Amino acid sequence: MNQKGINQRELADMIGKDETVISRWFAGKVGISRSSVELLEKALGEKLIKDKQHNMKKALITGVTGQDGSYLSEFLLEKGYEVHGVIRRNSSDHRERISHLEGTPHFHLHYGHMEDSMSLVKVVTMVRPDEIYNLAAQSHVQVSFDSPEFTADVDATGVLRVLEAVRAAGLENTCRIYQASTSELYGKVEEVPQNENTPFHPYSPYAVAKLYGYWIIREYREAYNMFCCSGILFNHESERRGETFVTRKITLAAARIAQGLQDCLYLGNLSSLRDWGYAKDYVECMWLILQNDKPEDFVIATGVQHSVREFAYYAFKHVGIELEFKGKGLDEIGVCVSDNRHSVHKKDTSLVGKALIKVSPDFYRPTDVVNLWGDPTKAKAKLGWNPNKTSFEELVKIMVDSDMAKVAGEGAAAKVRTNLAEYLEKGIVK
Ligand code: NAP
Ligand code: F7E
């Protein structure tokens, strides 16, 4: 092994290998030294090396406008990839999360829909990616009860369409595919904590659709020898999380209540348990899964579990509001027992004694997944991934700080959006 990590045996192994194999190996060697390049030139031929130095790896991301798509784009651009994102054609723009990347070199957008195989074939054939990250999905569990057919089309058949687009483009031997699988597959859990061998018991139309995605990925791996893998990701959140997922709903409400723009937050099952991580840390794992020697599925989680009630407690605490939870089920309330808000946000009246969190049956699900807790041992051992880079407390802080600034910036407008954000999930504005 020389000082830049070029292994003589690896190098010898490359002689006579097909161009794509050499390209993948060479692109992975960051910060390559002059002496290493000379060595490579000797072994592989000068022209080939020059070509490879200018040949960036291409990644195609479906769902690029989503929480994960935006962080993954940043991550891959940083790694020197040419990034192509698939966006939906809408009547209005939907690109807040990636607007800062538009116009930067090596970042390109293409129209495509998961329900429309022709659009996917066109994009894949044109881009000819080395890696595809299939993140596009109807990703909200409650919405999947309201729109189960659409969810199945996008989250189940959509995965098949991506795989078939790769085959139609003749890229099945070269293109690696990452599928955004989910801890929701464990659903009505049969084991705690959950790992790669835990049986699945999907418990929502979303999870059933994602189970098809998981199995069709495995089928194409076995049937056609394709490099396609699932990351079984547990909940991961961020300041870019959609506003109707419970964590973001809580951090936004904590910020609005602290700034006198909301009176009370209505939630569903406060006892539900989740393994929450930071989305920015999780996209690294998506990439690591595709750099692995062989295609395999991985559980990605922190290994730490908290309840919705705890998340709310810490979020409110961070804005200076201490909560105490009283009562049970639909009668449970989160009451303010101490109000230490920063004076800037402090209104005339103290919040002490007020019920700031109440439970509403509107946010209960027909079947709810209540005990998710992931075991990331395999990802740690095989991918060298650190599941505890960002702690639960840090995650809550990052999200609350961001929403405090957002709400302060929006001013009175934040109040108008409150009701909408609360009830959007159920398709009604109360
Ligand atoms: P997200 O914020 O809801 O983003 C979903 C993305 O999919 C958006 O870019 C959305 O486009 C796009 N999309 C939806 N339907 C589409 C369609 N029919 N055609 C094309 N694009 C479509 O989700 P996320 O949190 O980033 O999650 C990314 C993926 O990981 C999803 O597949 C999700 O199911 C899965 N997952 C997420 C978590 C988590 O905790 N976040 C955990 C496990 C698995 P628009 O912007 O136009 O709506
Ligand atoms: O719910 C409970 C709710 O909507 C978490 C998606 O990214 O992660 C996400 O799905 C828990 C559930 O996320 C409210 O009943 C209580 O038990 O934030 P959520 P999710 O359903 O876990 C998985 C891994 C994915 O794959 C999905 O794509 O919180 N809960 N009260 C509530 N949930 C919501 N949304 N709103 C409430 O008021």
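## Helix α14

In α14, the buried residues are Leu395, Val396, Met399, Val400, Asp403, Met404 and Val407. A residue is called buried if 20 or more other C-beta atoms lie within 10 Å of its own, exposed if 12 or fewer, and partly exposed in between, with C-beta atoms placed from the backbone.

Just after α14, glycine 411 takes a positive phi of about 60°.

## Basis of the model

This is a predicted model, in which local features need pLDDT of at least 70 and side-chain atom pairs count only at pLDDT 80 or more, while totals for chains, interfaces and linings use all residues. Residues are numbered from 1 along each chain as its sequence is written, and chains are lettered from A and ligands numbered from 1 in the order in which they are written.

## Glutamate 237

Glutamate 237 lies in strand β7 (residues 236-237); helices (H or I, at least four residues) and strands (E, at least two) are DSSP runs numbered from the N terminus. Glutamate 237 is buried, because 24 other C-beta atoms lie within 10 Å.

Leaving aside residues up to four places away in sequence, glutamate 237 touches Thr247, Arg248, Trp276, Tyr278, Ala279, Leu395 and Met399. Contact requires C-beta atoms, placed from the backbone, within 7 Å. Glutamate 237 and alanine 279 are 42 residues apart in sequence, yet 5.3 Å apart in space, C-alpha to C-alpha.

## Surroundings of the ligands

Ligand 1 is surrounded by 24 residues, the closest being Gly63, Gly66, Asp68, Ala137 and Ala180. A residue counts here if its C-beta atom, placed from the backbone, lies within 6 Å. The elements giving two or more residues to this shell are α5 (67-78) and β5 (176-182), and α5 gives the most, with three residues.

Ligand 2 is surrounded by 25 residues, of which Thr182, Val246, Gly268, Ser272 and Phe363 are the closest. Both α7 (141-146) and α10 (246-258) supply at least two residues of its shell, and the largest share, three residues, comes from α10.

Terms used
Contact = placed C-beta atoms within 7 Å.
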